[in-house]
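Student: I would like to go through this model and ask what backs each label. Where shall we start?

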Amino acid sequence: MRVPPRKTRRHRPRGWLVVVARDEDEIHDKLRRIFAADRHTRVIFDRRANGARNHPWVARSLRLHGFAIVPAVGNPAEERQTGVYGGQHVGVIA
């Protein structure tokens with residue numbers, strides 16, 4: 001007897017964070033203009049004092065391109081209280 005393949009639940013990201021390297025002001029300004037009307041995307045500077053704490057693929061993208069796009073995950077209750085992505089966390093899609 002064959003067992004049907006198990007369905008995996010894929011969660012869609014709640015939105016996207018465009019994380020820009022701290023020293024890339026021009027890229028930050030340009031991406032903020034591009035995504036200004038997109039309520040599902042937020043452009044932020046990398047706030048981590050120690051870049052080694054970033055995921056390796058994020059650190060590489062920041063180094064090569066000056067920015068990285070990551071899925072935003074957060075608590076919906078916090079979002080209602082603080083705005084679009086209050087209490088945001090960076091998620092990883094493997």
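Tutor: With a side-chain pair in this predicted model. The side chains of Thr41 and Asp38 make a polar contact at 2.9 Å.

Student: What makes the pair Thr41 and Asp38 a polar contact?

Tutor: The cut-off is 3.5 Å between N or O atoms, one able to donate a hydrogen and the other to accept it. The Thr41–Asp38 distance is 2.9 Å, so the pair counts as a polar contact.

Student: Why is Thr41 called buried?

Tutor: Its relative accessible area is 12%. Buried means under 20%, so Thr41 qualifies. Thr41 is placed in strand 2, residues 41-45.

Student: Where does Asn54 lie?

Tutor: In the loop between strand 2 and helix 2 (56-65).

Student: Why is Asn54 called buried?

Tutor: Asn54 has a relative accessible area of 13%. The limit is under 20%, so Asn54 is buried.

Student: Which side chains make polar contacts with the side chain of Asn54?

Tutor: Asp46 is one partner, at 3.2 Å. Arg48 is another, at 3.0 Å. Leaving out residues up to four places away in sequence, Asn54 touches Asp46, Arg48, Ala59 and Leu62.

Student: What is the order of elements in the protein?

Tutor: From the N terminus, β-α-β-α-β-α-β. That comes to three helices and four strands.

Student: How much of the protein is buried?

Tutor: Buried residues are 28% of the 94 residues. Thr41 is buried, and Asn54 is buried.

Conventions: Residues are numbered from 1 along each chain as its sequence is written. This is a predicted model: local features need pLDDT of at least 70, side-chain atom pairs count only at pLDDT 80 or more; totals for chains, interfaces and linings use all residues. Side-chain values use heavy atoms; hydrogens and water are left out. Helices (H or I, at least four residues) and strands (E, at least two) are DSSP runs, numbered from the N terminus. Buried means under 20% relative accessible area, exposed over 50%, partly exposed in between (1.4 Å probe, protein chains only). Contact means heavy atoms within 4.5 Å.
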